[in-house]
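Please take a moment to look over the sequence and the fold before reading on. The paragraphs below go through the sheet, the aromatic rings and the core in turn.

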Amino acid sequence: MKKILSTLWLSFAALFFLSAQIPQAFNYQAVVRDASGQISANQEVSFRITIRQGSPGGNVVYKEIHLDTTNEFGLSTLAIGAGNPVAGSFNLINWSLGGYYLQIELDAAGGNNYNDMGT
């Protein structure tokens, strides 16, 4: 009985002292293709990532740019929150306020002529 009470007490104490952690970044992957659908292997690409609050056209709370080179399969891997900030601060996003939307824009030539890929 003493062992069960100790286990229950430790469980409640752990729940009391644990709290959710805010992410420092999260991963995003995309396969980049050209206009004819061919994989863009080993190409420099540029992404502009925007986090919007409330709706797909909502207020911009954070925006960043990533420069990357795709692998032989056209795969690009990003850590959103670890790019070059353009607007806002990733660490200051209040995730508890509800719906956030991720807008992805791509320049397959690695420049700053972005095409909206969707939100």
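**Strands, rings and core**

In strand 5, K63 has A87 as its bridge partner, where strands are DSSP runs (E, at least two residues) numbered from the N terminus. The model is a predicted one, in which local features need pLDDT of at least 70 and side-chain atom pairs count only at pLDDT 80 or more, while totals for chains, interfaces and linings use all residues. Residues are numbered from 1 along each chain as its sequence is written, and side-chain values use heavy atoms, with hydrogens and water left out.

Strands of a sheet pair through backbone hydrogen bonds, either parallel or antiparallel. Here five strands form an open sheet in the order 5-3-2-6-7, with antiparallel pairing. Strand 5 and strand 7 (115-118) are the edge strands, each pairing on one side only, and from one strand to the next the twist averages 20 degrees, with axes taken as lines fitted to C-alpha atoms and angles running from 0 to 180 degrees between N-to-C directions.

Within this sheet, strand 2 (residues 44-53) and strand 3 (residues 59-69) pair in the antiparallel sense over 10 bridges. Along this pairing, S46 stands opposite L67 in strand 3, and R52 stands opposite V60 in strand 3. The hairpin of strand 2 and strand 3 has five residues between the strands, and G54 takes a positive phi near 90 degrees there.

The aromatic rings come next. A search of the whole structure finds four aromatic pairs, counted when the ring centres of Phe, Tyr or Trp (its six-membered ring) lie within 6.5 Å, with planes under 30 degrees apart called stacked, over 60 edge-to-face and the rest tilted. F26 and F90 form a tilted pair, 6.1 Å centre to centre and with 45 degrees between the planes. This pair links distant parts of the chain, since F26 belongs to strand 1 (residues 26-31) and F90 to the loop between strand 5 and strand 6, 64 residues apart. With a relative accessible area of 28%, F26 is partly exposed, whereas F90 is buried at 3%; buried means under 20% relative accessible area, exposed over 50%, and partly exposed in between (1.4 Å probe, protein chains only). Ring pairs join F26, Y62, F90, W95 and Y100 into a cluster.

Which residues of the largest nonpolar core touch the most other members? Of its 14 residues, they are F47, I49, I51, F90 and I93, a nonpolar core being a set of buried Ala, Val, Leu, Ile, Met, Phe, Trp, Tyr and Cys residues joined through side-chain atoms within 4.5 Å. Strand 2, strand 4 (75-80) and strand 6 each give two or more residues to this core, and strand 2 gives the most, with four.

I93 lies in the loop between strand 5 (84-88) and strand 6 (100-107), and it counts as buried because its relative accessibility is 5%. Leaving aside neighbours within four places in sequence, I93 is in contact (heavy atoms within 4.5 Å) with I51, V61, Y62 and Y100.

How values were computed. Pairing = 2+ DSSP bridges.
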